[in-house]
Each structure stands twice: as C-alpha cells, then as structure tokens.
Amino acid sequence: MGEVTILKIGKNLIVPIQIELHDQSARKLQRDILNYIEKTGAQGLLIDVSAVSIIDSFLGRLLVETAKMAKLMGTETVLVGMKKEVVLTLIHLGLTMKNLHTALNIEDGLALLKSLTGRTYEKNRK
Amino acid sequence: MASEKKEIAALLSKYQEEILDAWHRQLIVRSNSLMEIIGLTEAKSFTQGILEHFITLFPLAETENDENKSYREIDDLFSDLSGKMTSQNISPSEIAVFIFSMKEAVFPILQKYIDNKDLSGAIISAGRLIDRFAVNTFEIYLNTREKIISEQQRAFMEISVPVVRVWHRIIMIPLIGMLDSERTQLMMEVMLTALEDTQSKVAILDISGIPVVDTLVARHLITAASAAKLMGAECIITGVRSRIAQTLVQLGVDLGDVVTRTTMSDGLQLALELTGQKIGE
C-alpha cells in the first residue's frame, strides 16, 4: 500500500494524493496531515486530488472534516483539481462541501491560500 | 373448426383475384384522395401482400401470436406501408380505412360461397383478423412517430448547451428554454468539461432565455453553481430580470452565495475582476 507524501513549501503544506484512498488509508492520511501541521505550524494546507477518480461520501466527509480540524489549528485548507466525474458524483450524493475552499489547480490553490492566510493575518493584527 | 378455417382459406386463395378487384373498387370509392397520392400500382402491391398474408394467417389459431414468423413478416409489410404513407402526410385514419375496406371485399365472397350455417362464424373470424391488421398498422404508425420524436429530442439535447469562451479563463453558457433535470445534468457535464479543459476560473450562466424560473429551476441552478464551486471555479448567474427576482423572493428561494447580475455585461465585468483582468481603455 502506497503512502501519501506531505510536502512543505514555505508556510504551506502540499498533499498530492496519488493513490486511490480506502477508508483505512484515508483515516491515516488525516492523522498524518494533522500531526504534520502541529509539527510545522503551517499556515496553509493544499490537498491535490487531481489523480483521485473516486471520492465517496466517506472520503468527502473526511476531507471536509480535515479542513475543519485544520481550521481549528489555524490552518486554511484548499482542495484542488477535482475531476468532473468526482464532482458529479458528489453533487448526486448531495455533498456540496460548502465550507471548503476549492481551486482548479495547484497554482490557483496557492494564490487562494496566499489571500486566505493574508486575510487572517490582517484580521489578527487589527 | 381448424379444418373449416383451412377450407375458407383455400376458398379465399381460389377467389383471390375477385377479392382484390372488389377491394380496389372499394378503395377508389372510399379513399379517393389516398389512391391519388400513392397510385393504383403501389396500392395493388400492398393489397396483394396483405391478402396473401391474410390467407396464410387465417387458418392459424388466435392464440398463436407474435412469435409466429408470418406475423413478423406482415409486421414488416405494415411498417413499409405505414412508413410510406406517413412520409406522404397520409393520416392514420386513412390508413385504417385502407385496411378496413378489405372487409367489404372479403365478406361478399364468403357470403357467396359459404352456406348459411357456417357464415357467421367465418365472418367473425375474418373480421377479427382484419381488425387486428388495422390495429397493427396504427401501432406501427405510432411507433414511427415516437421514433421521430425521440430522435428530434436527442438532436435538440445535443445543440441545447453551447459553451462560449468569452475571455481568458472565462466561459459563458447561455441557457435557453426549459431547464428540466435532464438538461441540467447535461448542462453540468458540459460546463464541468469546459472548466476542466480550459481551466477557466469563472463560469457565467446566462438565464435570459429561460422564460419561467420557479423553485425547481432555481434548485437546478444552485446545483450547477455548487458543482462549479467544487471544481474550484466561480459561477455567476446573469440575466436575472426584475420579474425573475420578484418571483424568486416571493417563492422564498434562497440562492445561497451564488452571485447574480441582471445583464451579461455586468456579469462579464465581475468575471474580469475575479480573474484579475482588464479590458484595455
């Protein structure tokens, strides 16, 4: 079973998911990400799912939860590169992931993270 | 009964010419306009085919139905007849008259050559078969129509969702006509494909061409918008006229955080702002 690498670039963590996640491995990934945030104190988290072709309700919920947990730790999360088949499935399942930031690709995702983390910083300073 | 039927069939095949003559005479009297359109030679080939099948099918028991080869053959004949007549704008009732006038050709022959005792039985079974023929032609006519309608529907579906690349990273989808769930599904697929292919950041859905926006249509629009959001793109809905705004609020529809604008140009302006672009002064 493959592992998901977690990369740290600047103040952001990048998690490119290159394998199909099962329930077990998805839970492990969630733990790993949160541990990593704790260890590095990253401000932004970018999860790239462009290689994932199946996101079921469990994985969808797990991703939303991970974003919420990260938010509690002061980290903004952006989910990037969702495939159109995945989107259609999620819409069918009624999972609109309203409180999750999304972007088309990593480039856009990083730009969005920059504005998001910048905003919180501004807010904190006031 | 079966042997009697065979006898009748033999009788009919013996007097085939006579029956056909009577039938043609009937046709000329009763459906003159139809004969003018398809012509006597064409009609003759059909009547002959139908009568031949009638004679082979007549002795068969009524319980033996559609699996029989002869029935399938006559179905082919009828679909040929029906198709030809439909393409020439002949109404189904005229086709029915075409078949029914066969009765007036067959019955006199039966009357002439069968003695009183068996006559009513023979007429009833002959009538039944002819009625069945007429019903068949009608069914085939309906099926042909149905096929045309579904083909047109498919063609309509194919052209119904055009995607326009209005600017760098901005796509626009003009929606026209009724937005039912099937079309919403198609529209979403087309939109997501376009977003993926062009990596566009903004999708503008223009609803100027949708005559009525009710709760259902609104829900479909929200679904499409959240699909675009999941992809990481923004969705702007333009063409919200005053009437639509009024109905939406009166219906208590909450569009959530979907951005809406009245005109396309306002929507485009907003899209340009969102993508950080500017049109030169």
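This section describes the domain arrangement of chain B and the interface between chain B and chain A in a predicted model.

Chain B is divided by the domain assignment into two segments, domain 1 spanning residues 2-157 and domain 2 spanning residues 164-274. The centres of domain 1 of chain B and domain 2 of chain B, computed over C-alpha atoms, lie 55 Å apart.

Chain B and chain A bury an area of about 1600 Å² between them, and carbon and sulfur atoms contribute 59% of this area. The contact involves 18 residues from chain B and 18 residues from chain A.

On the side of chain B that touches chain A, at least two residues each are supplied by helix H8 (181-198) and helix H9 (215-231) of chain B. The most is given by H8(B), which provides 7 residues. By residue class, the side of chain B that touches chain A comprises 6 nonpolar, 7 polar and 5 charged residues. Both helices named here, H8 (181-198) and H9 (215-231) of chain B, fall within the bounds 164-274 assigned to domain 2 of chain B.

Key. Residues are numbered from 1 along each chain as its sequence is written. Chains are lettered from A and ligands numbered from 1 in the order in which they are written. This is a predicted model: local features need pLDDT of at least 70, side-chain atom pairs count only at pLDDT 80 or more; totals for chains, interfaces and linings use all residues. Side-chain values use heavy atoms; hydrogens and water are left out. Domain bounds come from an automatic or database domain assignment. Contact means heavy atoms within 4.5 Å. Buried area is the accessible area (1.4 Å probe) that two parts lose on being put together, summed over both. Helices (H or I, at least four residues) and strands (E, at least two) are DSSP runs, numbered from the N terminus. Ala, Val, Leu, Ile, Met, Phe, Trp, Tyr, Cys and Pro count as nonpolar, Asp, Glu, Lys and Arg as charged, and the others, Gly among them, as polar.
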